[in-house]
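Hi,

Here is the structure I said I'd pass on. Have a look at it, and then read on for what turned up.

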Amino acid sequence: MRIFPARHARATGPSERAADVPAHVPCVIVGAGHAGLSVAYGLQQAGLRPLLLEQLPQVGDVWRRRYQRLHLHHLTDAMYLPGMHHGAQVPEYPSRLDFADYLQAYVLLHQMDVRLGHRLHRLTPLDTGGWELQVSVNHTTLTFTADHVVLATGPTGVTPLRPELKGQDHWRGRILHSVDFDSGADYREQRVLVVGAGNSAIEVLCDLHDNGAEPSLLMRSPGSWVTRQGFAHYHRLLAVGRWLLTYVPGAWLLAPVVLRLLDHYLKYDVRRRYPDLAALGVDTHPATPMLRMAQSRGTRPPTYIDGTWGKVGVTLAELLRAGKVTLYRGEIEQLQTDSRSVAFTDGRVGDFDTIILCTGFAPPTEHWQTFLDSRVSQAIAREMPQPWTEHAQFPGLWVALGGVATSRFALQILARRLAARIRGHRPPGRVLNPVVSFLLSGIDPGLIQIPRRTLIINTLAACAFAYLLWL
Ligand SMILES: Cc1cc2nc3c(=O)[nH]c(=O)nc-3n(C[C@H](O)[C@H](O)[C@H](O)COP(=O)(O)OP(=O)(O)OC[C@H]3O[C@@H](n4cnc5c(N)ncnc54)[C@H](O)[C@@H]3O)c2cc1C
């Protein structure tokens, strides 16, 4: 379905009442980001009505709080949740505000039961099965139980990683993390050192330049680069591929090969568009981008080398070619006492007013420790649950993680399995084991997991085809 939400309008649908939460519910989803909402959609399709808890005042506020320049990394066509496309007025790459409003409209359209301003602060397994939740609402605590709890509290952006810099206490400049960066306009005419080689680092750097600051970049490790255009083609092909996987006999056997070829294409596209990248001093990781992401279990996603969204904005390569950005490599050796100087491990020294750490975020387990019973959090620390299945040791605990595109694939598998569990049915079978499929695809485990019925259809069709040939 395609809807047309008013641009940047504030939806007011979800209830903020606490009093009417029942003493026991079959299923609670913690977090109303895209992951939580898409699991809720899958459950609603199965005739269930989960309760969603969201600590922030509005659905989408996670995105509204991010830096102004932010536009989603994939095309609008790939950035939708199941059951609702973006409005026609949303540009090729949705801005953070477009996406926040989209999430709000999604809740309204599907009439989801989202409790805003409800923060889960304690989650305890019950000896009798199920879970007890303690939830803070307006300085009071609400306690109730649930058979199933889905943690959709976000993979990133919760706990910023701030590396300790030698000498930081006596350094004269300002040090902040990318979560505290709002716009390059706040740094006009300042010398700013951006630390990192991920998407935030490149975008913050370009934004600083566009707003009249003097940015430098410290790249501590080689990047897994992709171009916006290359990745857009990749996503378009995947959309076709999913259809082929379902309806063309035997196509799923070829999927790993096709995905590997596409992965090589991503690398080739960077070389084709930016042949002088190495000469400009930008290092590239030897592995292909999606393979690297799979090998790092999703912690090293590809970085857009462009720094633009669509054709808008300046690119990192342009800035380097024009000598408008100084590139440092290695690490910061020391921040020098009572000065604004920074000494790098390669012996170079630079003066800066501000350092912006685009150094990423702690894994989600760190955030879960703030509300999980210690027994459970220790078990999870030993073995991270798979992001699309029930936790083996703690039945009824599910984890919903992944980028926006995941919401239509892996998270729908999760929803179907969860719905089957709630109804006491057997969960739908899959042909490929999730770990194997993740390693093969490197994108989304749901994308390449084939339902058993598809395999049966494929086999019957192949037999019929062979029989026709034999005749
Ligand atoms: C700068 C930046 C840019 C990004 N760009 C992209 C992109 O272009 N494409 C992409 O796919 N991904 C992008 N990401 C990754 C992005 O964070 C995730 O894709 C997305 O936000 C994750 O969705 P989610 O639903 O899992 O988590 P979130 O969107 O983080 O939602 C989790 C929700 O849970 C709530 N919550 C947390 N703890 C509790 C609690 N104890 N009680 C109640 N509620 C709680 C939070 O308030 C939040 O609303 C970006 C991340 C950053 C930091």
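The ligand has 29 residues around it, and those that come nearest are Gly31, Gly33, Ala35, Gly154 and Gly403. Before you go further, keep in mind that this is a predicted model. Which element gives the largest share of the shell around the ligand? That would be α1, with three residues. Helix α1 covers 34–45, and β2 (51–54) and β4 (118–125) also supply at least two shell residues each. If you sort the shell around the ligand by class, you get 14 nonpolar residues, 12 polar ones and three charged ones.

Now for the chain as a whole. You'll find 14 helices and 17 strands in it. Of its 471 residues, 42% are buried. Among contacts with a separation of 6 or more, 69% are between residues 24 or more positions apart.

On to the cores. The largest nonpolar core holds 64 residues, and Val39 and Ala400 have the most contacts inside it. There is also a second, separate core of 46 residues, with Ile202, Phe231, Met290 and Ile355 among them.

The sheet I'd look at next is an open one made of five strands, with parallel pairing, in the order β7-β16-β8-β9-β12. At its edges are β7 (174–177) and β12 (326–329), each of which pairs on one side only. On average, neighbouring strands in this sheet are turned by 20° against each other, direction ignored. Strand β7 runs parallel to β16 (residues 354–357), and four bridges join the two.

One last thing is a hairpin elsewhere in the numbering. Here β13 (residues 332–335) and β14 (residues 341–344) pair in the antiparallel sense, over three bridges. Ile332 stands opposite Phe344 in β14. Five residues sit between the two strands of this hairpin, and Asp338 takes a positive phi near 50°.

Cheers

Notes
Residues are numbered from 1 along each chain as its sequence is written. This is a predicted model: local features need pLDDT of at least 70, side-chain atom pairs count only at pLDDT 80 or more; totals for chains, interfaces and linings use all residues. A nonpolar core is a set of buried Ala, Val, Leu, Ile, Met, Phe, Trp, Tyr and Cys residues joined through C-beta atoms within 7 Å. A residue is buried if 20 or more other C-beta atoms lie within 10 Å of its own, exposed if 12 or fewer, and partly exposed in between; C-beta atoms are placed from the backbone. A residue is near a molecule or strand if its C-beta atom, placed from the backbone, lies within 6 Å of it. Ala, Val, Leu, Ile, Met, Phe, Trp, Tyr, Cys and Pro count as nonpolar, Asp, Glu, Lys and Arg as charged, and the others, Gly among them, as polar. Two strands pair if DSSP finds at least two bridges between them. Axes are lines fitted to C-alpha atoms, for helices over the stretch in contact, and angles run from 0 to 180 degrees between N-to-C directions. Two residues are in contact if their C-beta atoms, placed from the backbone, lie within 7 Å.
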